[in-house]
Amino acid sequence: MFSLGPRSKMRLQGVHPDLVKVVERAIQITTVDFTVLEGVRDPQRQRTLVESGASQTMNSRHIPGADGFAKAVDLGAWVDDQVDWSWPLYNKIAAAMKEAAKQVGVDITWGGDWKMRDGPHFELSRKSYP
């Protein structure tokens, strides 16, 4: 069983508590260790990512909403003390995140299910968390 390290916990600060619950449960049931790469982003960071092509929108769920919380996290597969970008690992992390979301009763969306796939990205659904 895996657990979140101090850096991952720090990166969850400012993320909506329901999404934090999902991440905390997912790390307990995942078959692939992961780290939290990013939670909250400010608009300037998002603009930089859009300008570099790493993101497609300024309407990012990483930017805190009116309630003060970010509603997205990026997770990285943690293998041999480094992030591994191998796509099959993200399918396994997604399976743990989806199962954890079901267990704690939170509606999430995985970027890997989008047309422009984003394997590390998980967010609270816009339908349930506008």
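Helices and strands here are DSSP runs, numbered from the N terminus; a helix has at least four residues and a strand at least two. The model is a predicted one.

Start with the largest pocket. Three elements, strand 1 (34-38), helix 3 and strand 5 (121-124), each give at least two residues to its lining. Helix 3 makes the largest contribution, with 3 residues. The space inside the largest pocket comes to about 510 Å³. Its lining counts 24 residues, and those closest to the centre are Ala54, Ser55, Gln56, Trp114 and Asp118.

Now look at the two ends of helix 3. The helix covers residues 43-52. At its start, a side-chain oxygen of Asp42 comes to within 3.2 Å of the backbone nitrogen of Gln44. After the helix comes Gly53. The phi of Gly53 is positive, near 90°.

Turn next to the aromatic residues. A pair of aromatic rings is described by two values, the distance of the centres and the angle of the planes. The whole structure holds 3 aromatic pairs. One of them joins Trp87 and Trp110, with 6.1 Å centre to centre and 25° between the planes. That pair is stacked. Trp87 sits in helix 4 and Trp110 in strand 4 (residues 108-110), so the pair ties together parts that are 23 residues apart in sequence.

Trp110 is at 5% relative accessibility, so Trp110 counts as buried. Trp110 also pairs with Phe122: the ring centres are 6.2 Å apart and the planes lie at 15°, so this pair too is stacked. Trp110 belongs to strand 4 and Phe122 to strand 5. The two residues are 12 apart, and their pair links distant parts of the chain. Together, Trp87, Trp110 and Phe122 make one aromatic cluster.

Phe122 leads on to helix 4. The relative accessible area of Phe122 is 0%, so this residue is buried. Among the residues in contact with Phe122 is Met97. Met97 is placed in helix 4 (residues 87-104). Along the chain, Met97 and Phe122 are 25 residues apart, yet 8.3 Å separates their C-alpha atoms. Why does Met97 count as buried? Met97 is buried because its relative accessible area is 0%. Which residues does Met97 touch, leaving aside neighbours within four places in sequence? Its contacts are Leu19, Val22, Val23, Ala26, Leu75, Ile108 and Phe122.

Finish with Asp18. Helix 2 (residues 17-29) is where Asp18 is found. Asp18 has a relative accessible area of 19%. Beyond its neighbours within four places in sequence, Asp18 is in contact with Val106, Leu124 and Tyr129.

Note on methods: Residues are numbered from 1 along each chain as its sequence is written. This is a predicted model: local features need pLDDT of at least 70, side-chain atom pairs count only at pLDDT 80 or more; totals for chains, interfaces and linings use all residues. Side-chain values use heavy atoms; hydrogens and water are left out. A polar contact is a pair of N or O atoms within 3.5 Å; within protein, one must be able to donate a hydrogen and the other to accept it, and residues adjacent in sequence count only if both atoms are side-chain atoms. On a 1 Å grid over the protein atoms alone, a cavity is a set of points where a 1.4 Å probe fits but cannot get out, and a pocket is an open set with protein on both sides within 12 Å along at least five of seven lines; lining residues have an atom within 4 Å of a point. Grid points are joined across faces, edges and corners, and a volume is the space filled by probe spheres set on the points. Buried means under 20% relative accessible area, exposed over 50%, partly exposed in between (1.4 Å probe, protein chains only). Contact means heavy atoms within 4.5 Å. Rings of Phe, Tyr and Trp (its six-membered ring) pair if their centres lie within 6.5 Å; planes under 30 degrees apart count as stacked, over 60 as edge-to-face and the rest as tilted.
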